[in-house]
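Here is a short note for a colleague opening this structure for the first time. Please keep the sequence and the 3D view side by side while reading.

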Amino acid sequence: MKRRSLFKLAGVAAAVAVTPVSKLIADTKVKSIENRRSGKTVLIIGGGFGGLTVAKELRKKDKSIEVTIIEKKDIFMSCPFSNSYLGGLDDVGLDTLTHDYYSASVKHGYSFVQAEVTQIDRKNQHITTTNGNFTYDILVLSPGIAYDWEKQFPTWSKEKVADVAHSCPAALMPGSEHLALKRQLENMDDGNVIIVPPAKGKYRCPPAPFERTSMIANYMKNEEIRGKVIVLDTRDGKFSKGAAFQESWRDIFPDIIEYKGLTEVIDVDTKVKIVTYIEYQNKKDYIGTTKTLKYQVCNLIPINKCSPVVKMAGVAVNESGYAVMDGYSFRSKTDQNIYVVGDAVSHKIPPSGQTAIWGAKRAAGQIADQVNGRKSDFKANLPARAANVCFSMVSGKPEEAIMVTHTFSADPSGVLKGKGTVPKSQDGSGKFRSKSTAKLTREWFSGVKRELFS
Ligand SMILES: Cc1cc2nc3c(=O)[nH]c(=O)nc-3n(C[C@H](O)[C@H](O)[C@H](O)COP(=O)(O)OP(=O)(O)OC[C@H]3O[C@@H](n4cnc5c(N)ncnc54)[C@H](O)[C@@H]3O)c2cc1C
């Protein structure tokens, strides 16, 4: 196998990629701070897409606002573009996805504290972390998501959940899960990769599992690994950018990608590497047929729920734990000193990095108004056209991608809502995918990194 002969070389490449990262980790260690409220003291929980944007925008708007980000990780890692890393696209390494926190905080004049938030006391406007205690005038929650294993597999023990989570990394949250999945792909023999998208409900970046399907097929094809990428999906082929993905799978990877809709995973035996699932004939088939599949690599992405940090704050949440908002604003309905951005909001807009940036900019405007005693217009600049543009790579050689754009507007129900369009390419091919969209994908990601850090 071609991949085996390259194996030693790949090991060297990985080591090279990791060296600058570990150096950056050392740079980001920041001492504990005990702060005092100034009337304009803003604490942000979570240094992801939403939190970093709020911090930068607040400082841009008003240098007298004191901003601190509290983030449990010591290095930023991007989920967007991580499927390109798994797919082995040219010049995409771990260093493409990571960034230090320190340089941006110095440049924009906010504080960065590496710590995990463990308690939020709204009454006293005080939070407890693993690295000191802090008070705030305004608290911003941007903690992202969590996996709801208990809801999806209520009969599984804690040990079973830990075993499957470890062996079949979901890689929907930034960090080591992506590295684990990459390593498993690099070490796999001929055989199947099974991808299980979240079974139901709102989840982070709806196209992500399907872009990952394309990218892993790309990796297997290039590395001449014999096997299939099998998607076990509860849906019946209707998913985000579904027609565009399925067109590209038929055209580019007909012998590699197999999409099995109306299936439900019920067990994973990580020792013998077998997934057990039920396959339903149609939506009226309530019994189905139980089947098994052997795998080399399994990417099981559980149902999502909101990060427990939002519940910790004791603000109103919906049934999946997402924060209930004060109308069209990014303020909590319960507490006028708490704002929520990113995937943790219950607005009817897709949970994406681009949306997190859009919402965070609006939230920053609303916070700056509040601390300066001004009134905000929560409907300003709505509807917002192409407020979310989400790209997905579908092949590597040549590089091609598809996209969806969303317009956000004020829904009469009182929340923000998004409406999406998946355009065909403009190159006359009649297909959804194009090389120019792939170029835009790379440009978008470079732009996002500039937006967060420069
Ligand atoms: C594979 C994949 C591909 C994607 N592709 C795209 C794309 O192409 N385009 C796009 O727009 N979006 C994409 N996304 C979605 C995007 O990554 C998320 O929507 C975005 O990161 C949400 O931002 P956030 O700030 O809500 O959460 P995050 O970026 O996850 O940040 C949350 C932060 O909070 C921290 N945190 C959590 N709890 C605590 C605590 N107790 N104390 C301190 N810190 C805490 C976490 O460590 C984390 O850094 C993709 C996602 C995935 C998984």
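This is a predicted model: local features need pLDDT of at least 70, side-chain atom pairs count only at pLDDT 80 or more; totals for chains, interfaces and linings use all residues.

1. The protein is divided into domain 1 (2-146 + 305-378), domain 2 (149-303) and domain 3 (384-449). Note that domain 1 is given as two segments, 2-146 and 305-378.

2. Domain 1 against domain 2. Their C-alpha centres are 28 Å apart. Domain 1 gives 22 residues to the contact, and domain 2 gives 24 residues. On the domain 1 side, helix H1 (2-5) and H4 each supply at least two residues. H4 has the largest share of that side, with five residues. By class, the domain 1 side holds eight nonpolar, ten polar and four charged residues.

3. Where is the ligand? The shell around the ligand takes residues from both domain 1 (2-146 + 305-378) and domain 2 (149-303), so the ligand lies between them. There are 37 residues around the ligand. Gly46, Gly48, Gly50, Gly144 and Gly342 come nearest.

4. What makes up the shell? Several elements each supply at least two residues: helix H3 (49-61), strand E2 (66-71), helix H4 (82-86), helix H13 (353-371) and strand E20 (384-396). The shell divides into 17 nonpolar, 14 polar and six charged residues.

5. Helix H10, residues 208-222. Does its length agree or disagree with what it should span? At 1.5 Å a residue, its 15 residues should span 21 Å, and the end C-alpha atoms are 21 Å apart, which agrees. Of these 15 residues, 13 are buried, so H10 is largely enclosed by the rest of the structure. Just after H10 comes Glu224, with a positive phi of about 55°.

6. Strands E12 and E13. Strand E12 (residues 229-232) runs parallel to E13, and four bridges join them. One of these pairs Val229 with Ile257 in E13. Which residues of E13 are covered, and which uncovered? In strand E13 (residues 257-260), Ile257 and Tyr259 form the covered face. Glu258 and Lys260 form the uncovered one. In a regular strand, side chains alternate between the two faces of the sheet.

7. Strand E14 (residues 263-269) and strand E15 (residues 274-279) pair in the antiparallel sense over six bridges. Val268 stands opposite Val275 in E15. The two strands form a hairpin with four residues between them. Lys273, in the turn, has a positive phi of about 60°. E15 also pairs with strand E16 (residues 289-294), antiparallel and over six bridges. There, Ile278 stands opposite Thr290 in E16.

8. Phe408. This residue is found in strand E21 (residues 399-410). Is Phe408 buried or exposed? A residue is buried if 20 or more other C-beta atoms lie within 10 Å of its own. Phe408 has 26 C-beta neighbours inside 10 Å, so it counts as buried. Leaving aside neighbours within four places in sequence, Phe408 is in contact with Ile349, Leu382, Pro383, Ala384, Ala387, Leu416 and Gly418.

Definitions and conventions: Residues are numbered from 1 along each chain as its sequence is written. A residue is near a molecule or strand if its C-beta atom, placed from the backbone, lies within 6 Å of it. Ala, Val, Leu, Ile, Met, Phe, Trp, Tyr, Cys and Pro count as nonpolar, Asp, Glu, Lys and Arg as charged, and the others, Gly among them, as polar. Domain bounds come from an automatic or database domain assignment. The expected span of a helix is 1.5 Å times one less than its number of residues. A residue is buried if 20 or more other C-beta atoms lie within 10 Å of its own, exposed if 12 or fewer, and partly exposed in between; C-beta atoms are placed from the backbone. Two residues are in contact if their C-beta atoms, placed from the backbone, lie within 7 Å. Two strands pair if DSSP finds at least two bridges between them.
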